[in-house]
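This note is for a colleague who is meeting the structure for the first time. Please read the points below alongside the sequence and the coordinates.

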Amino acid sequence: MVTISSLKVRHGSRTAYNYYNCRCKKCRAGHALRAKQYRARKKEQILTDNPPHGELSTYNNYGCRCEPCREVKKASRKKGGMQ
Ligand SMILES: [Zn+2]
Ligand SMILES: [Zn+2]
């Protein structure tokens, strides 16, 4: 197994986390930060694009969790539809 310390990979970077599967404190923190930024970007996108709510694509693509979007997701699950 390749150890990350033998490579010039910066801990906390996406590469270390995703590619080398490093889960040290730094890498986990970096990942959490990126996830946070990602969610913030998506939120902004929802405001700018103003996608139709209550549609599965909005739930999936924008990560919208408003009530109509959550409802349609719930309904799709009930149908047993695999995506
Ligand atoms: Zn690490
Ligand atoms: Zn929505």
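1. The model is predicted. Within it, contacts between residues 24 or more positions apart contribute 2% of the contacts in the protein that have a separation of 6 or more.

2. The secondary structure consists of 4 helices and 0 strands. Followed along the sequence, the pattern reads α-α-α-α.

3. Of the 83 residues in the protein, 10% are buried.

4. Helix H2 covers residues 25-49, and its 25 residues should span 36 Å at 1.5 Å a residue. The C-alpha atoms at its ends lie 36 Å apart, which agrees with that expectation. H2 is also hardly covered, since the count of buried residues among its 25 residues is 1.

5. Asparagine 21 belongs to the loop between helix H1 (14-19) and H2. Its phi is near 55 degrees, a positive value in a residue other than glycine. Asparagine 21 has 10 other C-beta atoms within 10 Å and is therefore exposed, the limit for that class being 12 or fewer.

6. For asparagine 50, which is a residue other than glycine, phi is positive, near 50 degrees. Is asparagine 50 buried or exposed? Asparagine 50 counts as exposed because 9 C-beta neighbours lie inside 10 Å.

Notes: Residues numbered from 1 in each chain as written. Chains lettered and ligands numbered in written order. Predicted model: local features only at pLDDT ≥ 70, side-chain atom pairs only at ≥ 80, totals over all residues. Helix = DSSP H or I, 4+ residues; strand = E, 2+ residues; numbered from the N terminus. Buried ≥ 20, exposed ≤ 12 C-beta atoms within 10 Å, placed from the backbone. Contact = placed C-beta atoms within 7 Å. Expected span 1.5 Å × (residues − 1).
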